[in-house]
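Please open the structure in your viewer and keep the selection panel at hand. The stops below are arranged so that each selection leads to the next.

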4 protein chains.
Amino acid sequence: MSVLFSFDYRVFVNRSVTLENIKCYGFDMDYTLAEYKSPDYEDLGFELLRDRLVSIGYPHELLRYNYDPTFPTRGLVFDTMYGNLLKVDSNGNILLCSHGFTFLKRDKIHEYYPNNFIQRGNTDRFYILNTLFNLSETYLYGCLVDLFTRCSRFVNCQTGFKHGDLFMSFRSMFQDVRDAMDFVHDTGILKESTLKDLDKYVVRDPNLPVLLTRIKEVAKVFLATNSDYNYTEYPKKQWRAFFDLVVVDTRKPLFFAEGTVLRQVDTNTGKLRIGTYTGDLQHGTVYSGGSSDIVCDLLDVKGKDILYVGDHIFGDILKSKKRQGWKTFLVVPELAKELQVWTENSRKHLDSSCRVCPDISAIQTRIKVVTYRMDRSYGQLGSLLRSGSRQTLFASQLMRYADLYSSTCINLLHYPFSYLFRAQSVLVSSSSDMPVIITGTCIYSHQIPC
Amino acid sequence: MSVLFSFDYRVFVNRSVTLENIKCYGFDMDYTLAEYKSPDYEDLGFELLRDRLVSIGYPHELLRYNYDPTFPTRGLVFDTMYGNLLKVDSNGNILLCSHGFTFLKRDKIHEYYPNNFIQRGNTDRFYILNTLFNLSETYLYGCLVDLFTRCSRFVNCQTGFKHGDLFMSFRSMFQDVRDAMDFVHDTGILKESTLKDLDKYVVRDPNLPVLLTRIKEVAKVFLATNSDYNYTEYPKKQWRAFFDLVVVDTRKPLFFAEGTVLRQVDTNTGKLRIGTYTGDLQHGTVYSGGSSDIVCDLLDVKGKDILYVGDHIFGDILKSKKRQGWKTFLVVPELAKELQVWTENSRKHLDSSCRVCPDISAIQTRIKVVTYRMDRSYGQLGSLLRSGSRQTLFASQLMRYADLYSSTCINLLHYPFSYLFRAQSVLVSSSSDMPVIITGTCIYSHQIPC
Amino acid sequence: MSVLFSFDYRVFVNRSVTLENIKCYGFDMDYTLAEYKSPDYEDLGFELLRDRLVSIGYPHELLRYNYDPTFPTRGLVFDTMYGNLLKVDSNGNILLCSHGFTFLKRDKIHEYYPNNFIQRGNTDRFYILNTLFNLSETYLYGCLVDLFTRCSRFVNCQTGFKHGDLFMSFRSMFQDVRDAMDFVHDTGILKESTLKDLDKYVVRDPNLPVLLTRIKEVAKVFLATNSDYNYTEYPKKQWRAFFDLVVVDTRKPLFFAEGTVLRQVDTNTGKLRIGTYTGDLQHGTVYSGGSSDIVCDLLDVKGKDILYVGDHIFGDILKSKKRQGWKTFLVVPELAKELQVWTENSRKHLDSSCRVCPDISAIQTRIKVVTYRMDRSYGQLGSLLRSGSRQTLFASQLMRYADLYSSTCINLLHYPFSYLFRAQSVLVSSSSDMPVIITGTCIYSHQIPC
Amino acid sequence: MSVLFSFDYRVFVNRSVTLENIKCYGFDMDYTLAEYKSPDYEDLGFELLRDRLVSIGYPHELLRYNYDPTFPTRGLVFDTMYGNLLKVDSNGNILLCSHGFTFLKRDKIHEYYPNNFIQRGNTDRFYILNTLFNLSETYLYGCLVDLFTRCSRFVNCQTGFKHGDLFMSFRSMFQDVRDAMDFVHDTGILKESTLKDLDKYVVRDPNLPVLLTRIKEVAKVFLATNSDYNYTEYPKKQWRAFFDLVVVDTRKPLFFAEGTVLRQVDTNTGKLRIGTYTGDLQHGTVYSGGSSDIVCDLLDVKGKDILYVGDHIFGDILKSKKRQGWKTFLVVPELAKELQVWTENSRKHLDSSCRVCPDISAIQTRIKVVTYRMDRSYGQLGSLLRSGSRQTLFASQLMRYADLYSSTCINLLHYPFSYLFRAQSVLVSSSSDMPVIITGTCIYSHQIPC
C-alpha cells in the first residue's frame, strides 16, 4: 500500500504550467482550504436535509434512511422528469442509470431514453450534481424515489407518484430538495452544527499554514469565496494574515463575468460598509463582492499569471479559464481513492495485452467482466472519472478546463516554486505505434523534491 | 515513403464504435463524397473571391496576389476588430497570431490581447474558419491586410485603414469578403467553373462506388447535403442509385434541430414540389429540407444506430452528436500530410527521452527548436491539430465530437463491417509510470483485413 | 363639494364590458380588497425602510426625514444611473425630473438626457415605481439624494457621491433600498406592525361583504394574491366563505404565464401540503401557486368571461389582459383626488374656449400658467395621469389594458349585474367638428341604479 | 362632397408639435414621397406574386383570381397555423376573422380561438400585414385558401390541405408567399414593371417639389429609404437637389438602433464605395446604410428636433419614436376614404343621441345594425381604424407612436411653419359630463392658412 501514499503527493497535468511564472495564487474556501471529513460531513448534510423534508410534510418513513457513502458519485445528473440518477459522458450518452436504488438494465433505459442519450443542454430538465456539497442531495434523491416506490399508499406513475388528489411529481420533489438545501445553508444550521463538533467535520492539516506561508514568500495570494464573512471566520480568526486579499460573497460564477459591487466588510461587526470601495488594496481588510477584474486591479496582476485553486469544476475552474484565461488547479478529493482502485485493479487484470487475442467477442466479454468488477470497487455508481472505458462528463470537463489537478492543494508543497508542470510533448501515438492525440500527462521524477 | 501509404488507410478512434451495430450510414456531399483536388480547388475559389472584391471597388493591386497553399491552416480564427488571424486552443489561448503575412511576436500579441487570450464565445467579433471552403478566404484576409498595410495611400489604424474621408475597417473588410463568398456560391459561378474542368478540380475515386455498394449490402445509406439539387446532380447522374434516401438543401446545423419542411424534388425540372411530403420513403425520389428526425422516421432507424460521415466539424459532427446522439466519422483530408510530417520528424528528434535530462531550461530550449522546426513543416501557420505541444481548438473538437476520423471515408473499405473500432481501455497512465486520462486510440492490427 | 361624492361612485370605461356576460369575478388582495389608509400606511412603510437603511450603515442623519405624502406620485421612474426621479409619457419623453427634492429646469434635464427622452425598455437602468407599495420607496429616493447632496462629507459626482475610498453610487443606493424593501416584506415586520394597529392602517368597509355576497349570487368569485397564506389570514378569519376559490402565493405575473405547481394549504398549520393538487375544486380549501389556466379549469370558466379586479397595472392588469384575454378592472385609489382637482380647476380656468383667440403665444402662456397651477394641486410631482396636456406612462397603460377603472372596487355596487359598461361608439371627433380617435368613455345615467 | 375635400387638407394631432421648433425634416420614400396609385399598383403587385406562385408549382387555377381592392384592409394579421385573416385590437381580441373569403361567425371563431383572442406577441405564428405593400399579399392569402378549399383534389384539414402524400400547410403556403414577395422585390421585376408605365402607377403631385422647397428654406431635410440607390433613382434624376442628405439601403428598423456601416454611393455607377464614410456631410453625395445617430451627427441636429415622415407604422414611426425620441408624422393614404365614410354615415345614423333611450337591448341592436352597415362601406374587412366601436391594433399604434398623421405629407403645405399642432388640453371628459382620458385632437381653424 506504499503505492497509495506515493500517489497522494502527485499533481496531474493537462496543460503545461511553469510555476516560476505564476505571480499570484488564488484559493476557494470550502473543500479547498477548508477540507471536510468524508463521510461524516456528508452524513450531517444528509440528516439536515432529510429532517427538513419531513418537517415540511414528507412521510415520516423517510427518517429511517441513513446516508450510505458507497452509493453516490459526484457529477451525476438528476432527471427531474423521470426521477432517475444518470451517469453520462461529455456527449450526453448514458453510462449508468438508477431509479431509486435500482440500477436499470439496457432495455429499461431505452424505454426512458430511446436513443440512450440526453440533451444535457436542456438544463430545465437535467440538473448536474457537480459539487461535493451535492453528495448528500444525490443520495437523498435515491432515498425519496425508493420510499415512494415502495410505499403502498402511492401509485407509481411515469413522472411521479399519485395519492388521491395529490400528485408527487419528480419535479416538485426536486424543487423541495433544492429549497431544503437553500434552507440548510441560508439559515446557518449546517454551519452551526459543523461548529459544534469541528474536529469531527473539518480536517486540520498543519501543512496548510506551511503552504500558504511559502506561497506568500514568492507570490501574491488571495482568497475568493462565495461564503459570507461570518461563515468564513470560524476556522481560525488569524487566517486573514495569510492572504494579501480576502474577498467573501463573490457569487462565482458571476464573479468571473460582470461581478457585483465591491464593498468593505467591517470585521468588528461582520456587516458591510455602504457604497462601493474604490481605493487601493488595504492589508487586513476583508472585501465582499467584486469581480475577477477588480481582483486583478487590486493586486496588480494579469489573469494569465494567476493560478486559481478550487473544487468547483463549473464555478471555479471552467469559468475562470473560459472567461478570464486564468491558470487553474482543480482539487479532487476523490482522486486518492480513484487512483488506488485503478492501480490495484489494473495490476490484477489488465497486464496481459488483449491485442494478441484474435477473438473479439471473447475480448469483449472479458473486458466487460473486468471493468464491471473494477467499477464497483469505487462504489455503487462507480468511478468519478469513468464507466468502463468511457470517460464521464466530469472527467472530460476536468481535462478541458483544469490545467492541473490533485486530491488536495497541499500537494503543491511537494513541488518547488521553480517547477515546470509539463504536458507531454506528444501529438499522436498512445501505444508504441498507434497514433492518437493526447491532451496531457504528469511529469514527476522519482526524486520528488520535498 | 511506404510509411505514408500505410498511414493513409487508417481510421482513428476517439470512442469505441462497433460497426456490426451500425444499421445506417449517412454521408455529407462536399469534401466527403465529392473530394476536391487541393490546392487547385482552393486556388479557383481564391481567384473568384479576389476578382469579386476588385469588381466592387477594392484596389486593383489585389489582383497581383495568388493563392499560396503553404500559408493557411484550417480552423483559424479571424479577429474582425484588429484584422488578425489567430490560432487558438480550446480555451481561447493564442498559439499563433499573424497580421497580414507578418507573424507577431509575443510582445506585440500582448498589446492586442493583454491576457494572450480571447473569449471565443464572442462570435460577433471572432469568426472561426472551420471548413475547407474557408481556406481561400483565410488566405484572402492575409492578402487584404498585407495590401492595405503596404499601400501608401492608406494610413494604418488600430481597427483598419484610413484614406481621406474613408475608413476601411477590418470589420467591413470581413463583411465584404463574407458577401463575396455568398456571391460566389449563390450565383453558381463557383459551380460553373468547377464543371468546366471537372478533372482538374474533383477526385474521381473508383473505390467510392465500391464502398457505397458494399455498405448498401449490410445497412441503409443516405446522403444529406446542404447543396441544392442542381448542384448535387453534376458529379454523375447515376449516383442516386447508391442511396436509400437523398436529401438536399438540408440546412445543417438546423437539420439536426427543428429542421425545415420536407419537400419532394421534381428530378426532371429540378424544381421543388409545393407542400410538405408526408408519405413513406419512395425509392428514387430526391427530397429537400427536412430534419434528422424525419430521416430517422423515413428510414426507420434510431440515432444511435447511425454513423454519419462528414467534413464539417460544427455542422456535421458536433451537432449530430450533441443534439441527436449519432455516431460520427469526421473526414480530415489534411490528416495524410499531418501524419507524414509527424512521423518523419518524431523519428528524427524525439526518440531520445527528455526525461533523463535534469536541466529543465535546456530541455525547454531544445523542445522549442524541435517543435518550431516541425511546426513549419506543415506550412506557415503550422499543423491543423497542434502548435508545439498544445492542441488546437480544432483538435479538441475533433476529440470531443468525432467518434472516428480519417483522411477520407474511403478508408472504411479497409475494415470489415464486423469490425470493432475500440478506444483503449485505459483511464490513467499514458507512459509506463505516468498517469493521465486518455480519451481513445486506434486499434488496428498488422494484418489489415482488406 | 357634493360633486366629489358623486364622482366617487363612478366606474370608467375604456372598452365595453357587458356585466351580464361575466361568469366569474377575480380579486387581488392588497390595495384591492384590503384597502390601506393613506398616508398612514405609506408613512409606516417609509419608516421601516428608513430605519433598515440606517441599521445597515446609512448615515444617522437619514432619521430626520419623515414621509411627505405631497411629494411622490405613483408611476415615476427611478434612473439608477443619475439618481433622478422622472415622470415620463408612454414614449419615454420626460415630463418632470427631480434630483432629490430639486425639480430640474429644462436646460439641466437636457444635460442629463440630451434628447429629453429615455429608452424605457432599458430596464437595467430605469426602474418603474408602479405600485402603491412603491410610494414610500419613491419618497426615500428623494430623501437619500437630498441627504448625500447636502452632506459636506460627500463629494457630488455624476453617478453618485464620493467619500474617501468609498463611492456611493446611485445604483448601489437603489440596490440597498430594494434589498430593504424585500427585508421589510419577507421578515414580516411590515405585516406585524400593520396588525398591531389595524384600525389605523386598514379600511374596514362594510360594503365589501355586501359586494362579495351579491357577486356570489350571480357568478363565481375567486381571490388570487401574491401574499402567503398567513399574511392573507389577518383581515378576517371568515373571508374564505366569500370565495369559490382562494389562491395564495400566486407569483403574478408568472401566474398569467406558465405559473407554478398548485398545492393545497393546510389551513390549520398554514403549511403547504407536499405534491401537486390534481383533483377537482374543494370548497373551503385554500391553494397556493398555480396559474390562470388552472384557475379556469378548477372553476370551469373561460378567460373572456372573467373580470379581474386588481391594483397592479403590470402584474394584475397588463398581464391578465395581454396573455390571457381577461376582462380587467383597475383599482386606482388616487382617482378620487384626481377627479376632484380636475373638476375644480377646469371649472375655474378652462371654460372659455381658447379657439377663438388668434394669438398663439398668448394661448400658450395662458395654458402654461393654468396647467402648472393645476398640476401642483395634485402634489409636487403632479397628477398620476397627466403633466399639463400630456398623458403619463401610467395613464396610457391604464387606457390600453384596463377595460374598466375606478377608485375602489366597491363602486361596482352602484351598477346592476345586468349593466352594460359601454365605450362611446365614436371613432373620430372629440369636439363638434374636430376628428380624433377616441378610445372609450363611461356611460352612466343620472339615475345611478343603487 | 365638399366636405371630403376639406378633410383632405387636415393634419391630425395625437401629441402637440410646434413646427417652429422643428429643425430638420426626414422623409421615407415609398408611399411617402413616391405615392403609388391605388388600386393599380396593388393590382400589379398581386399579379406578379400570383404568377410567381404558379411558376413554382401552385395550381393553374390560381391564375383565375384577380385583385379585388374591396377585400383587404391594411393591418390584418395572418394566422399561419389556421390560415385565417384576423382583424384584432391592440390587446389581441379578435374583431373579424375570414377564412379564404368566408367571414366566420362567432361560434366558428370560438372553435379556432377559444378565448376569442390571440397572443399577438407570438410572432412565429402571427404575421402582421402592416404596410401598403402587404395589401396584395393579404388578398393573395384569401385567394389561396379559397382555391384549395374549393379544389376537389385536396382534402381540407385544420392546418392545411392534403392531396395524396403531399400536405399543403398554411404555414408552408405563407412561406411560399413571403419568398415570392422577396423574389418580386429583389429581382427588380416589380420596379421594371412600374417603370414601364410610370403614369399608371405613380402619382406626380406638382405640390411635392413646392413642399420640399419650402421646407428647405426653413429647416434641414433628408431622405432615408430602405430601397437601394438604383431603385430610388427612377422617379426623377433631379430629386437629390431637394435634400441636404440622401441615405439609401437604411435597413429600418435596424437604422433606428445600431444601424450599419455608412458608405458612399458612386452616383455614376450606382455602386457602393468600399469602406466606411467618416467625413463631414458632402452636398450632392448619396450615402448607403448608416443609422439615425449618424444622420443626427452629419446634419448636426438632435432627435427631438426632427420630424420624420413615413408610412410604415413599425419601421418608420414606432421605432424612430421609441428608440430615438423623434417627432413623427404618419402618412395614412386610406385616411381620405376613412373620413369620408365616417362623415357620411355619422350624419345619417348617429345624430340622435342614444342616451335618452332606456332600453339597452334596443340600443345594442340598433348600434349593431348601424355600425355593421358603416363598417361595410369601407370594404369587406372594414375600416383600417375600427370595427364597430372598437379600435384596431393599427389605430392604437397610430395613436401611441404618431405625433401627427394625415392622408399625405403634402398636407403640411396647408400649415405655416410657425404652426402649433396642439393636442387638446383635456384630461378627462369626452362628452359634457362624462370623464374619459383623451389622447389628442386636431386643431385647425376655418381659415386654413394656405
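The tour visits annotated positions, then a pair of domains, then a strand.

**Conventions**

This is a predicted model, in which local features need pLDDT of at least 70 and side-chain atom pairs count only at pLDDT 80 or more, while totals for chains, interfaces and linings use all residues. Residues are numbered from 1 along each chain as its sequence is written, chains are lettered from A and ligands numbered from 1 in the order in which they are written, and side-chain values use heavy atoms, with hydrogens and water left out.

**Stop 1: the annotated aspartates of chain A**

Select Asp28(A) and Asp311(A), which an unreviewed UniProt entry lists under "binding site". The two span 284 residues in sequence, yet no two of their C-alpha atoms are more than 7.4 Å apart, so they gather at one spot. UniProt positions follow the numbering used here, feature names are shortened, and annotations may be inferred rather than shown by experiment.

Centre on Asp28(A), in the loop between β3 (24-27) and α2 (40-55) of chain A. Helices (H or I, at least four residues) and strands (E, at least two) are DSSP runs, numbered from the N terminus. Asp28(A) has a relative accessible area of 7% and is buried; buried means under 20% relative accessible area, exposed over 50%, and partly exposed in between (1.4 Å probe, protein chains only).

Which side chain is joined to that of Asp28(A) by a polar contact of 2.8 Å? The partner is Lys252(A). A polar contact is a pair of N or O atoms within 3.5 Å; within protein, one must be able to donate a hydrogen and the other to accept it, and residues adjacent in sequence count only if both atoms are side-chain atoms.

Next select Asp311(A), in the loop between β17 (306-310) and α11 (313-324) of chain A. Asp311(A) is buried too, at a relative accessible area of 5%. Leaving aside residues up to four places away in sequence, its contacts (heavy atoms within 4.5 Å) include Asp28(A), Asp30(A), Arg74(A) and Asp316(A).

Asp30(A) lies in the loop between β3 and α2 of chain A and counts as buried at 12% relative accessibility.

**Stop 2: the two domains of chain A**

Colour domain 1 (1-35 + 204-347 + 357-423) and domain 2 (39-196) of chain A separately; the bounds come from an automatic or database domain assignment. Their centres, taken over C-alpha atoms, are separated by 27 Å. Between them the domains bury about 2500 Å², 60% of it on carbon and sulfur atoms. In domain 1, Tyr31(A), Leu381(A) and Leu393(A) lose the most area to domain 2, together 32% of what that side buries. Buried area is the accessible area (1.4 Å probe) that two parts lose on being put together, summed over both.

**Stop 3: strand β13 of chain D**

Select residues 245-248 of chain D: Leu245(D) and Val247(D) point one way, Val246(D) and Val248(D) the other, and all are buried. β13(D) pairs in the parallel sense over 3 bridges with β12 (residues 220-224) of chain D, where Leu223(D) stands opposite Val246(D). β13(D) also pairs in the parallel sense over 3 bridges with β16 (residues 286-289) of chain D, in which Tyr287(D) is the bridge partner of Val247(D). Pairing requires that DSSP find at least two bridges between two strands.
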